Amino acid sequence: MSNSLRPPVGPADTARSSRVVVTGGSGFIGSHLVERLIAGGDEVTVFDSGPFPESQQLARQHARLVQGDVRDQDRLARAITPGVDVVYHLAAVVGVDQYLARPLDVIDINFQGTRNVLEQAARAGARVVVASTSEVFGKNPAVPWTEEADRVLGSTSADRWTYSSAKALTEHLTLAFGRQHGLESTIVRYFNAYGARQRPAFVISRSVHRALNGLPIVMYDRGRHTRCFTHVDDAIEGTVLAAGHPAAVGEVFNLGNMTETSVREAGELVARLTGAESQTVGVDTHEILGSAYEDVPRRVPDSSKARRMLGWKAGISLEEGLIRTIAWARANPWWLALPDTGAIAAAVPAEEFALSAA
Ligand SMILES: NC(=O)c1ccc[n+]([C@@H]2O[C@H](COP(=O)([O-])OP(=O)(O)OC[C@H]3O[C@@H](n4cnc5c(N)ncnc54)[C@H](O)[C@@H]3O)[C@@H](O)[C@H]2O)c1
């Protein structure tokens, strides 16, 4: 554990700084959020089961770390103390590879962890922002999804719905804590966030990682599915706006870029911007993962509520975001040396996966 320090610089010299806690602050989105909050002059405590990664120099110098499991109330109480203004709750088990391998942890950590965070925040009198996901909508075909759109899920025998279900339950929990305990909370739903430091297990991070490592880009089911890729800087900007806006209490916001792109188009863009050979490896997910997995054909947010209420809009195009992400990846060989942890990598022999081309 390190002591918290005031950052030497920051645009928040004119505003009152806040005491904030970021659970999951050692992770991908959390690490960017922590840097943004430190730069804004906030006094930041990170609660995470992992240490600060080497790459998080700013956090190492200016944030306090309480290491622990969100399922451990006592440990959590060391981070969420009276006087904390805002708790950003991002700690979670995330990723297709994770919910296929650890469905019980996905349910347990996401649900019990959130319940504990809400309880501690209520005790401390802190406001809470809970990170949720576009996955809560499941495979609802009626895109774009407003915040109030229906959830359409598949069978409970498909492990992939554990994440969607657990996250939806955390949304219910959060809103219920507001109604029954008066907890001030806001839910933000991210849509395919990407950017520097993301584990190479997701569409963009994995494609960039493979392209820069000279490997073919993986294309599930011919890349016909569509996503609305949202740069992490946009996602955290919306998160911070939601935390500071009085009218956001008790509200849910879709924080997603509204530009729909097919996974194939995204892969082609990665290939062009990295200068890689545009070779791809095609994967039939049904054949390899069976009924445990089911993909969502289209995932498109209607984010106009965030625009209207928070003045937020995703401003970073996929091309611009990829240019930034690729530049960061080229400058960080340690990240390029990480193993590919995407779901299919675990299911297909490495040689076959690296060499076969679609
Ligand atoms: N990345 C996305 O595209 C995306 C999309 C929608 C929602 N989200 C949500 O945003 C949040 C952050 O996601 P991310 O992409 O940064 O994931 P991540 O895996 O990079 O970060 C999650 C962090 O939580 C920590 N954690 C996991 N289990 C824990 C436990 N039991 N106790 C304490 N800490 C624990 C991990 O160590 C990690 O640092 C999550 O709540 C996720 O559900 C992410």
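Two strands count as paired here if DSSP finds at least two bridges between them. Strands themselves are DSSP runs (E, at least two residues), and helices are runs too (H or I, at least four), numbered from the N terminus. With that settled, here are my notes.

1. A word on the model. This is a predicted model, in which local features need pLDDT of at least 70 and side-chain atom pairs count only at pLDDT 80 or more, while totals for chains, interfaces and linings use all residues. Residues are numbered from 1 along each chain as its sequence is written.

2. Look for an open sheet of 7 strands in the order 3-2-1-4-5-6-11, with parallel pairing. Its edges are strand 3 (64-67) and strand 11 (252-255), each of which pairs on one side only. From one strand to the next the twist averages 20° (angles run from 0 to 180 degrees between N-to-C directions, and axes are lines fitted to C-alpha atoms, for helices over the stretch in contact).

3. Strand 1 (residues 19-23) runs parallel to strand 4 (residues 86-89), and 4 bridges link them. V21 has V87 in strand 4 as its bridge partner. Helix 6 (residues 161-181) packs on the sheet, where it touches strand 5, strand 6 (185-190) and strand 11, and its direction makes about 160° with that of strand 5. Contact between two residues means that their C-beta atoms, placed from the backbone, lie within 7 Å.

4. The ligand shell. There are 24 residues around the ligand, and G24, G27, F28, A92 and T133 come nearest; a residue is near if its C-beta atom, placed from the backbone, lies within 6 Å of the molecule. Helix 1 (28-39), helix 5 (103-124) and strand 5 (127-133) each supply at least two shell residues, and helix 1 gives the largest share, with 3 residues.

5. A helix pair to inspect. Helix 9 (residues 263-274) packs against helix 12 (residues 318-330) at an angle of about 50°, with the axes 10 Å apart. On the helix 9 side, A266, L269, V270, L273 and T274 meet L318, E319, L322, I323 and I326 of helix 12.

6. Most residues other than glycine have a negative phi, and most peptide bonds are trans. V143 and P144, however, are joined by a cis peptide bond with omega of about -5°, and P144 sits in the loop between strand 5 and helix 6. R197, not a glycine, has a positive phi of about 80°; R197 is in the loop between strand 7 (193-194) and helix 7 (203-212).
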